Amino acid sequence: MSSRTDPKVVVLMGGPSAERDVSLSTGRACAAALRDKNFNVIEVDAGPDLCADLRAASPDVVLNCLHGRWGEDGCVQGILEWMGIPYSHSGVLASALAMDKQRSKEVFRSAGLPIVESIIAPAADVRARHVMEPPYVVKPNNEGSSVGVYLVDIENNGPPQLSADMPTEVMVERFAAGRELTTTVMGQRALTVTDILTTGWYDYDAKYKEGGSTHVVPADIPQEIFELCMDYALRAHNALGCRGVSRTDFRWDESRGADGLILLETNTQPGMTPTSLSPEQAQAVGISFGELCAWMVEDASCNR
């Protein structure tokens, strides 16, 4: 970043992924918070002319508010590295690893973190037969925000009828029962633990629609489990090589104690919408939304 007192920040949002609407909400919220902090902000909707738009804006730094493919899988990170523009969140390799759920599990396994069995299978096979004994979950291997997630329970008589827009290969994952917990990491600090309460599956609507879920923060769980979530989240962040802010999701079967805590995945571009978990966790430990956005800008760099 330059030494000017009010650095020019491009807030990169939107894009072509399935999570475009959430990204726009994240970007607008972050842009408003940065303006309140006296940053010079330009909002850029990432499209096919992104490189030209970035050259025209000539930013000191990019706050990456993209979600989903192209925005958090290493693609836009590679563009920013090539152009020499400092940017927020994780770099090319960590972003690509975290976005690929199966490969990130291999990293977690090598780091001694608890995960559940999963396989990559052709979508045609998954529609035709049970490729894993129920209950299991089917989801894209490289999308986020619970887009295209199918829960196949024990009472289901047949395999899931996946929609036509699902990828040709999907992840099939052993269902982990229990409570939904999550922890945000900011730099090298695990912030706190949230217990996410819903009336059903924690799907896209539960995450992003007002009233879709209730967040208990800090989570009212045994201290041992709380500390394990904090430890596992930081270890996952570092094992993948993440930078800036990440968020790691867990399932906890309280009937099994510490053995029932399972790491599901790490998100390198956590949402910053009004209902998002990471800003809420930052607020719970005394970091305002504006301070969080400013920190992400100040933490930005190349060679991440």
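Visitor: Which lysine forms a salt bridge with glutamate 173, with the closest N and O atoms 3.2 Å apart?

Guide: This is a predicted model, where local features need pLDDT of at least 70, side-chain atom pairs count only at pLDDT 80 or more, and totals for chains, interfaces and linings use all residues. Residues are numbered from 1 along each chain as its sequence is written, and side-chain values use heavy atoms, leaving out hydrogens and water. A salt bridge here is a side-chain nitrogen of Lys or Arg within 4 Å of a carboxyl oxygen of Asp or Glu. By that rule, the partner of glutamate 173 at 3.2 Å is lysine 139.

Visitor: How many residues apart in sequence are the parts that glutamate 173 and lysine 139 tie together?

Guide: Helices (H or I, at least four residues) and strands (E, at least two) are DSSP runs, numbered from the N terminus. Glutamate 173 lies in strand E7 and lysine 139 in strand E5 (residues 136-139), so the pair links parts whose separation in sequence is 34 residues.

Visitor: Are lysine 105 and glutamate 173 buried or exposed?

Guide: Lysine 105 also forms a salt bridge with glutamate 173, with the closest N and O atoms 2.6 Å apart. Buried means under 20% relative accessible area, exposed over 50%, and partly exposed in between (1.4 Å probe, protein chains only). On that scale, both lysine 105 and glutamate 173 are buried.

Visitor: Which residues are linked with Lys105 in a network of salt bridges?

Guide: Glutamate 173 has salt bridges to lysine 105 and to lysine 139. The network joins Lys105 with Lys139, Glu173 and Glu265.
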